[in-house]
Amino acid sequence: MKKCNISFCGSGNWVRNYHIPELEKRQDRFSIRGFYDVFPESAALAAGEKYHVFNSMNELISDSQTDVIVVATKPVDTHFETTMRLLEAGKNVILEKPMTYSVEQCDTLIAKAKEKKVLFTVNHNLRASLALRCALEVMHQGHAGEIRCVEITSPRSWYDKIDFSNYAVHMVDQALAVNRSPLKEVTGFTVHPDEPLSSCGYGGALLRFEEGPVIMLSLSPAPAKRANEDPYPFRGYFRFKVCGTKDTVGICDMNHIPSPEQVTDKTNCYFDIAEPDFTRPEFAGNLGKAYYDFFYESWAEGAPLLVTPEEARNAIRCVELITESARLNKTVEAVNMLPGREDFII
């Protein structure tokens, strides 16, 4: 099995706490080559005694041993310029979400990747989340009947003018995975509607598609205090709630990293009538796969990408529509969305 050598442009907490551990779990498939950061001490911290430190962007770009570069720079405003430079140099790139703050920049990056014929994807790691996959399995079973609505909820404990797109883009990407028919219209709210994506605060949306179900998104602070102790603290905060004509099933957030054992843990799944069956071989056989497992299959075997740049771009466009609806205080038509793909996976 050939190894994919990965280097990083950006080496903050998310790189150290997510990317490095995930790659080190897969040392039969991945090898971490090194790190570059505009703050050399951050690159040195990530590299430790095990990995290389690149002293400049040029050194990173010219490294012949690197197969793929992960762009994990902050703030998000740096994503476009950094990624464009790497794509221009003919490098394969995994870009941390959110892709950028504008759909125009997304389109420019997509065009450049096609021109250079390189592998380009976005790390929407929650596309591989177990909660999403369980929700899709419930829908696949038909056990809940005809699905009328899917709620995706992500409570956050913040009230300030914080980057809406950085959090909401996960839910939007998942919404577009749940309902793959063309998006028709969007009704959204944010608590600071006149602010840009980077500071418009928490919010929510109602997404209507050409075909059902309706998707409801809620990204808002969850109450931290209760008058009475609740023995089931997650009961009111489903990550997913699948509402059909026969049953309603709720699935709690099962962490960023899928754990097959959690499927059988009844504290993570709530249902109104009949317990969902998660034993279908085609579903159960993929439970242990996370984002980097899917990416390796794309890089090494030419399998379809888990997240295409066009899908990541559509998520940004949808966030733009949510914030536009919030600013105008009305429903907006979902224009300038790219069509979906037939080889969609998950």
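## Backbone: cis peptide bonds

Proline 213 sits in the loop between strand 9 (203-209) and strand 10 (214-219). In this predicted model, the peptide bond that joins glycine 212 to proline 213 is cis, with omega at about 5°.

A cis bond is also found from lysine 97 to proline 98, where omega is near -10°. Proline 98 belongs to the loop between strand 5 (92-96) and helix 5 (103-116). As background, most peptide bonds are trans, and most residues other than glycine have a negative phi.

## Backbone: positive phi

Asparagine 329 is not a glycine, yet its phi is positive, near 60°. The residue is located in the loop between helix 10 (309-328) and strand 14 (332-333). Its relative accessible area is 70%, over the 50% cut-off, so asparagine 329 counts as exposed.

Asparagine 336 likewise has a positive phi without being a glycine; the value is about 65°. This asparagine 336 lies in the segment after strand 14. Is asparagine 336 buried or partly exposed? With a relative accessible area of 42%, asparagine 336 is partly exposed, because that value falls between the 20% limit for buried and the 50% limit for exposed.

## Aromatic pairs

The structure contains eight aromatic pairs. One of them is formed by phenylalanine 30 and tyrosine 292, with 5.4 Å from centre to centre and 70° between the planes, which is edge-to-face. Phenylalanine 30 is in strand 2 (residues 30-36) and tyrosine 292 is in helix 9 (residues 291-301), so this pair ties together parts of the chain that are 262 residues apart in sequence. Phenylalanine 30 and tyrosine 292 are both buried.

Phenylalanine 30 also pairs with tyrosine 296: the ring centres are 5.6 Å apart and the planes meet at 75°, so the pair is edge-to-face. Here too distant parts of the chain are linked, since phenylalanine 30 is in strand 2 and tyrosine 296 is in helix 9, 266 residues apart. Phenylalanine 30 has a relative accessibility of 3% and therefore counts as buried. Tyrosine 296, at 5%, counts as buried as well. Through ring pairs, Phe30, Tyr291, Tyr292, Tyr296 and Trp299 are linked into a cluster.

## Overall fold and dimensions

The protein has ten helices and 14 strands. Its radius of gyration is 20 Å, close to the 20 Å that the globule rule gives for 346 residues, so the protein is as compact as a globular protein of that length. Along the principal axes, the C-alpha atoms fill a box of roughly 60 × 45 × 45 Å.

How many of the contacts between residues at least 6 apart in sequence join residues at least 24 apart? The share is 73%.

## Burial, surface and charge

Of the 346 residues of the protein, 53% count as buried.

Conventions: Residues numbered from 1 in each chain as written. Predicted model: local features only at pLDDT ≥ 70, side-chain atom pairs only at ≥ 80, totals over all residues. Heavy atoms only, no water. Helix = DSSP H or I, 4+ residues; strand = E, 2+ residues; numbered from the N terminus. Rg over C-alpha atoms; globule rule 2.2 N^0.38 Å. Buried < 20%, exposed > 50% of the residue type's maximum accessible area, 1.4 Å probe, protein only. Contact = heavy atoms within 4.5 Å. Phe/Tyr/Trp six-rings, centres within 6.5 Å; stacked < 30°, edge-to-face > 60°.
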